[in-house]
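Hi everyone, thanks for making the time.

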Amino acid sequence: AATLSNTSGGYNTLGGQFPFNAVAGAETDYALFGYQVPAGAVSSPGKNLLIHSISIDTFVQGAAVGTTTIFQWGLGYGSTAVSLATTDSVIAKSARRVPLGIQSIAATSAIGTLGQNISREFRQPLMASPGEYIHIILKMPQGAATASLQFRGVVSIDATWD
């Protein structure tokens with residue numbers, strides 16, 4: 001299971017499958033996924049990544065939920081560092097953040113309970129340049145760090161290279 005942190009990605013892929021252990025509710029933006037768009041090389045020029053849409057599915061795994069858990073999802077793109085604590089400066093660029101949606105899992109939800117599907121399309125694709133990061137951001141404003149409670153799911157990113 002991923003360790004949730006705002007300074008490094010729990011997973012270094014462009015979306016995919018995830019499990020993570022339940023944590024206490026907090027106002028922390030966790031980088032569940034932190035993917036760096038490959039920089040160019042002599043034999044392979046760098047390409048921009050254009051993100052067209054994102055969908056997220058989440059379910060309960062490992063133990064029943066003891067308290068209502070809320071997931072607030074977002075996308076960060078264009079940052080020059082994997083840390084979500086990066087700020088704009090002369091030498092760094094922070095993530096441009098876009099809200100994706102909210103899932104709520106009720107108290108006493110059993111193993112296998114699904115959160116609401118999140119699906120977000122962008123009329124104008126969002127672009128990350130070579131060397132920049134894409135973050136799938138998870139905030140849990142309400143939840144409990146219950147022993148053996150895990151959440152699992154998938155993040156699907158529809159993107160093309162330009």
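Let's begin with E132 and K93, whose side chains meet in a salt bridge at 3.0 Å, N to O. By salt bridge I mean a side-chain nitrogen of Lys or Arg within 4 Å of a carboxyl oxygen of Asp or Glu. E132 sits in the loop between strand 6 (118-128) and strand 7, while K93 sits in the loop between strand 4 (69-79) and strand 5, so the pair ties together parts that are 39 residues apart in sequence. Strands here are DSSP runs of E with at least two residues, numbered from the N terminus.

Before going on, a word on the basis: this is a predicted model, where local features need pLDDT of at least 70, side-chain atom pairs count only at pLDDT 80 or more, and totals for chains, interfaces and linings use all residues. Residues are numbered from 1 along each chain as its sequence is written, and side-chain values use heavy atoms, with hydrogens and water left out.

Back to our pair: are its two members buried or exposed? E132 is buried at 10% relative accessible area, and K93 is partly exposed at 28%. Buried means under 20% relative accessible area, exposed means over 50%, and partly exposed is in between, using a 1.4 Å probe and protein chains only.

How many salt bridges does a search of the whole structure find? The count is five. Some of them join up: E27, D29, R97 and K139 are linked in a network of salt bridges.

Take D29 and R97, whose side chains meet at 2.5 Å, N to O. D29 is in the loop between strand 1 (16-21) and strand 2 (30-36), R97 is in strand 5 (residues 96-105), and the two are 68 residues apart. D29 also forms a salt bridge with K139, at 3.3 Å, N to O. As for accessibility, R97 is partly exposed at 41%, whereas K139 is buried at 13%.

Leaving aside residues within four places in sequence, S5 is in contact (heavy atoms within 4.5 Å) with D29, Y30 and A31. S5 is buried, at 16% relative accessible area.

Finally, the strands. Strand 3 (residues 49-61) runs antiparallel to strand 6, with seven bridges joining them, and I56 has I118 as its bridge partner there. Twelve bridges join strand 3 to strand 8 (residues 150-161), also antiparallel, and Q61 is partnered by Q150. Strands count as paired if DSSP finds at least two bridges between them.

Methods: Helix = DSSP H or I, 4+ residues; strand = E, 2+ residues; numbered from the N terminus.
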